[in-house]
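Thanks for coming, everyone. I'll walk through a few local features of this model. Please have the structure open as I talk.

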Amino acid sequence: MNTSHFTSNFWNYYIVGIVVLSFIGLLWLVLSQNKVKMPPKGEDVKTTGHNWDGIEEYNNPLPRWWFYLYILIWLFCIGYLYIYPGLGDYKGAVGWTSTNQYEKEMQDANAQFAPVYGKFANMPVEQVAADPQAQRFGKNLFDTYCIQCHGSDAKGQAGFPNLTDDDWLWGGSPEQIKQTIAEGHVGIMAPWGPALGEEGVKNAANYVLSLSGMPHDEERAKRGDAIFHGPPANCFVCHGDKGQGVQGAGPNLTDKVWLWGGSERAIVETITNGRQSQMPAWEGFLDDNKIHILTAYVWGKSHPNGAAKPAAAAASAPAPAAASSTSAASAASQPAAK
């Protein structure tokens with residue numbers, strides 16, 4: 001028997017002991033209750049001696065069909081535990097695992113459906129986005145893997161970006177969307193509460209509010225301007241000198257798109273505690289053909305008529321290597337394609 005995957009091999013034998021003793025106990029139980037015999041013909045069946053309000057309980061033997069069915073089930077369980085894993089680290093006679101069954105089913109499914117997905121592989125994303133069949137496939141993929149974060153309408157929720165507008169942190173071109181789906185992204189907004197203090201955080205928050213034309217305190221915003229453009233926060237490194245955003249580093253703060261909320265309270269919380277989120281990498285789990293179709297579906301959500309929307313107040317070019325995402329001092333970095 002192989003070494004247990006538990007921290008101690010004791011637990012392997014502990015499970016084996018519980019299973020074996022349970023079987024022995026169940027067998028003893030049925031045999032101990034099978035001692036009553038049918039009375040000779042003409043004699044009455046004896047009672048158990050229990051009497052309640054004049055009602056007595058006959059002491060009949062176990063029905064034969066029930067007894068033999070019980071034994072049959074007991075033997076079936078023995079056979080099952082011989083064939084399949086269930087006794088500690090014992091692998092079973094056929095070596096079955098849920099993992100290899102899943103992999104076999106996935107191989108069979110991929111072999112069956114690969115030609116269906118593959119026929120779109122050489123088509124441009126824009127053309128795939130306009131194909132009704134490809135869009136049905138894309139919706140099925142999105143509903144399976146993406147709606148948990150981005151919602152069934154792809155409009156996102158708190159902490160998860162909207163995929164139907166033109167606000168993209170990591171880029172909204174077909175190539176950039178495909179890269180995001182395949183490789184994933186991690187968004188980190190450093191917590192600046194300890195460095196700035198409560199007053200400094202409120203000043204920075206009011207400056208951020210002023211960038212998007214939201215109601216704010218002018219005096220605090222002026223003080224927040226110094227925080228935004230200077231040490232210790234240097235927010236402009238990730239968010240741009242005008243708050244227009246830097247692709248791949250920090251989101252645009254001049255529009256009305258807020259991943260974690262755009263109220264003063266929400267912005268104060270973001271600056272104080274920071275944010276961290278992640279878009280998982282689907283490469284390796286989904287094959288290239290599925291990623292291609294899913295890319296077209298996501299791209300089509302922000303291009304409903306197949307035409308690119310007018311460029312928003314554009315994010316700057318990607319930040320230089322020295323621009324650490326921990327320099328961000330305002331809204332959180334986006335966790336996914338946005």
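The charged end of R64 sits over the ring of Y68, 5.9 Å from its centre. R64 also lies over the face of F67, at 4.9 Å from that ring centre. My rule for a charge over a ring is NZ of Lys or CZ of Arg within 6 Å of the ring centre and within 35 degrees of the ring normal.

A word on the source. This is a predicted model, where local features need pLDDT of at least 70 and side-chain atom pairs count only at pLDDT 80 or more, while totals for chains, interfaces and linings use all residues. Residues are numbered from 1 along each chain as its sequence is written, and side-chain values use heavy atoms, with hydrogens and water left out.

Now the rings. How many aromatic pairs does the structure hold? There are 16. Rings of Phe, Tyr and Trp (for Trp, its six-membered ring) pair if their centres lie within 6.5 Å; planes under 30 degrees apart are stacked, over 60 edge-to-face, and the rest tilted. One of the pairs is F67 with Y68, which is edge-to-face, at 5.3 Å centre to centre and 70° between the planes. F67 is buried, with a relative accessible area of 9%. Buried means under 20% relative accessible area, exposed means over 50%, and partly exposed is in between (1.4 Å probe, protein chains only).

Another pair is Y145 with W282. This one is tilted: 5.3 Å centre to centre, 55° between the planes. Y145 lies in helix 5 (residues 132-145), and W282 in the loop between strand 4 (275-279) and helix 12 (288-301), so the pair ties together parts 137 residues apart in sequence. Helices (H or I, at least four residues) and strands (E, at least two) are DSSP runs, numbered from the N terminus. Y145 is partly exposed at 24% relative accessible area. W282 counts as buried at 16%.

Ring pairs link F76, Y80, Y84 and W96.

Next, helix packing. Two packed helices are described by the angle between their axes and the distance between the axes. Take helix 1 (residues 10-32) and helix 2 (residues 64-83). Their axes come within 11 Å and cross at roughly 165°. That makes helix 1 roughly antiparallel to helix 2. Axes are lines fitted to C-alpha atoms, for helices over the stretch in contact, with angles from 0 to 180 degrees between N-to-C directions. Under 35 degrees is roughly parallel, over 145 roughly antiparallel, 65 to 115 roughly perpendicular, and the rest oblique.

Which residues meet here? From helix 1, V19, F23, L26, L27, V30 and L31; from helix 2, W66, F67, Y70, I71, W74, C77, I78 and L81.

Now helix 5 and helix 12. Their axes come within 8 Å and cross at roughly 95°. The two are therefore roughly perpendicular to each other. In helix 5 the contact (heavy atoms within 4.5 Å) includes F137, L141 and F142. On the helix 12 side, I293, L294 and Y297 are among the residues involved.

On to three single residues. P174 lies in helix 7 (residues 174-183). P174 is buried, at 9% relative accessible area. Setting aside neighbours within four places in sequence, P174 is in contact with V125, E126, T295 and W299. P174 and P124 are 50 residues apart in sequence and 9.0 Å apart in space, C-alpha to C-alpha.

N203 is in helix 8 (residues 193-211). Is N203 buried or exposed? N203 is buried, at 7%. Not counting residues up to four places away, N203 touches R220, A221, R223, G224 and I227.

L62 lies in the loop between strand 2 (55-58) and helix 2. L62 counts as partly exposed, at 22% relative accessibility. Beyond its neighbours within four places in sequence, L62 is in contact with V30, Q33, N34 and F67.

Last, the backbone. Most residues other than glycine have a negative phi, and most peptide bonds are trans. A cis peptide bond joins P231 and P232, with omega about 5°. D53 is not a glycine, yet has a positive phi of about 55°. D53 is in the loop between strand 1 (47-52) and strand 2, and is exposed at 68%. N234 has a positive phi as well, near 50°. N234 is in the loop between helix 9 and helix 10.
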